[in-house]
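Please read the following report beside the sequence and the coordinates. It takes up a sheet and its helices, then a helix pair, then salt bridges.

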Amino acid sequence: MSEGAAKKEEKPRKFHATRGTRDLLPPETALWNRVEQTAHEVFATFGFGEIRLPVFEPSDLFVRSIGQETDVVQKEMYIFEDARGEIWLARENVRNSIFRPAERSSVEVLKGFLNDFQVRIQAALRSGEVEHDPGQSQYYKYFSDGVEYFNKLVVKDPSVPLQFLDKAQEEIERMGPFLKHAIVGVRIGSFVVLRPEATASVCRAYIEHGMQQLPQPVKLYYMGPMFRRERPQKGRYRQFYQIGAEVLGGSDAPAIDAEVIEMVMAFFDRLELQGVQLEINSIGCRDCRPKYVELLRAALLKVKDKLGPDSQRRIETNPLRVLDSKLESEQGIIATLPHIAVHLCEECAAHYAAVKHQLEIRGVIYRENWRLVRGLDYYMRTTFEITAQGLGSQNAVCGGGRYDGLVELLGGPPTKGIGFAIGEDRLILSLQESGKAPAQQGRDVYIAWMGERAHATAIRAAKDLRKAGFSVELPPVEQKFGKALGQADKLGAKYALILGDNEVSEGLWTLKTLADGSQAKYTEPDLLAHLRKSL
Ligand code: HAM
């Protein structure tokens, strides 16, 4: 078969959005826009300003703030080494020839790759292109030693394929683990993460821009995509969207907690979100929580045999997370565990009581849930979650809480903090389920034109109508009037503006109301005035 024929037969690959990601299409995007516009408006009335953050950040930022033992950090982060270019290629060559023996062609080639990479890494370290990292120096040393050793190998004929060169093969095998270890460890770029959430980023920005110098507290909100490698299902995606807000600095007055919650509820109220339920809890502070966690651990150890493997593991790593369990068989046991509310220190108990009081003054209805511990490590005291209707098992549409100390943990001054994030995908789903979704995006006017002269007039009419703010569909090629009216109907247009030779010569344009089929003629200015009145 000729090359051309083979190409013809080859079916082009069909691409799909990556698992856990999806396209958002009209008319649904109109609802997304409405939700986001409402957030801008409502949050502004509470004095919040928008912050736009990078989509990727240093991985340590999240490891340190969210916590090493959390699901997000352990299993769900999209993490990669931020490196490409010549030096990356040089390292790939070494890695490939060491790790894929079948592909390493000859001692000579491997030697070339090793030396090339070594020269480049040394130059890059000198120039600062690759950062000197104390944890890394041992790997650079291993690697240099490995290369030196390799260079000393006595190879009679360096062009002989490696597989056949017993002596060299032996040497390489001996040196292999050593060099492998080094080449896996040698970093040429820092590790970055597609952000799994934004609270840590907001804290980073607060520190980086010296926002503690501004009038406190600083009130910021954000919206945008987040990334977690979870198992996709309804309401759970790998790229999902959050709308969140954070209050940083100033005091930890319970009124701040309550006002933040009041703001989310006001936002949901404005959107007419149905079945909204707010749950709150206090998980104590650095003083009282560890004591409670020990108490919980002791209680859990007594019933360990009755728990599933996940909870058994969590007795050691993070006993609070056992309270999160949705396993049916564990519910009875969990109900018997000690409640944190009775183990809060005096300050935390007073803070919690005041938050509840502040919510009541604001008319915010809540339910206490002593098991609400949240899955991220930075929380202390107030935690809350909001659920809405129509979401199935992934029904948390918003989660948040207080995180005093997080800014300090990230190298900033001691700072109070509280905030929340709304899962926008879930919010939209719930609005759609309750029939709050906009219908197909219609058009105000469909221009049905026929003939060259009419086309020119139609183009001018479209321009003027759009300028006046109407949405206009102007077909690019001539259509018979019958077909044009059918198309107008399909697009959900309210009016059809009919422009033929007669209309153009008379200067009277025909406007058809598609809902009832009635027709009237207008001069151009009258038509505009009529549309302004009726649309
Ligand atoms: P979070 O509970 O991890 O908290 O996420 C907040 C919300 O994001 C969840 O309630 C849910 O609606 C949505 N969400 C989370 N993961 C997914 C997913 N895979 N697919 C769809 N939606 C999802 C935080 O992220 C904290 N940063 C909230 C916060 C701000 N706390 C204080 N300030």
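Five strands form an open sheet in the order E13-E12-E14-E15-E16, and their pairing is mixed; helices (H or I, at least four residues) and strands (E, at least two) are DSSP runs numbered from the N terminus, and two strands pair if DSSP finds at least two bridges between them. Strand E13 (472–473) and strand E16 (519–522) each have a single partner strand and stand at the edges, so one side of each is left without a neighbour in the sheet. Strand E12 (residues 443–449) and E13 run parallel and are joined by two bridges, with Tyr446 standing opposite Glu473 in E13.

This is a predicted model, in which local features need pLDDT of at least 70 and side-chain atom pairs count only at pLDDT 80 or more, while totals for chains, interfaces and linings use all residues. Residues are numbered from 1 along each chain as its sequence is written, and side-chain values use heavy atoms, with hydrogens and water left out.

Helix H17 (residues 452–467) lies across E12, E13, strand E14 (493–499) and strand E15 (509–513), running at about 170° to E12; axes here are lines fitted to C-alpha atoms, for helices over the stretch in contact (heavy atoms within 4.5 Å), and angles run from 0 to 180 degrees between N-to-C directions. Helix H18 (residues 481–490) lies across E12, E14 and E15, and also runs at about 170° to E12.

Elsewhere, the axes of helix H3 (residues 59–66) and helix H9 (residues 199–208) come within 9 Å and cross at roughly 110°, and H3 and H9 are therefore roughly perpendicular to each other (65 to 115 degrees). Leu61, Phe62 and Ser65 of H3 make this contact with Ala200, Ser201 and Arg204 of H9.

A salt bridge is a side-chain nitrogen of Lys or Arg within 4 Å of a carboxyl oxygen of Asp or Glu, and by this rule the count comes to 27 salt bridges.

| Pair | N to O distance |
|---|---|
| Lys141 and Asp145 | 2.9 Å |
| Arg297 and Glu294 | 2.6 Å |
| Arg313 and Asp310 | 3.1 Å |

Lys141 and Asp145 are four residues apart in helix H7 (residues 134–152), and are therefore separated by about one helical turn.

Notes:
Parallel < 35°, antiparallel > 145°, perpendicular 65-115°, else oblique.
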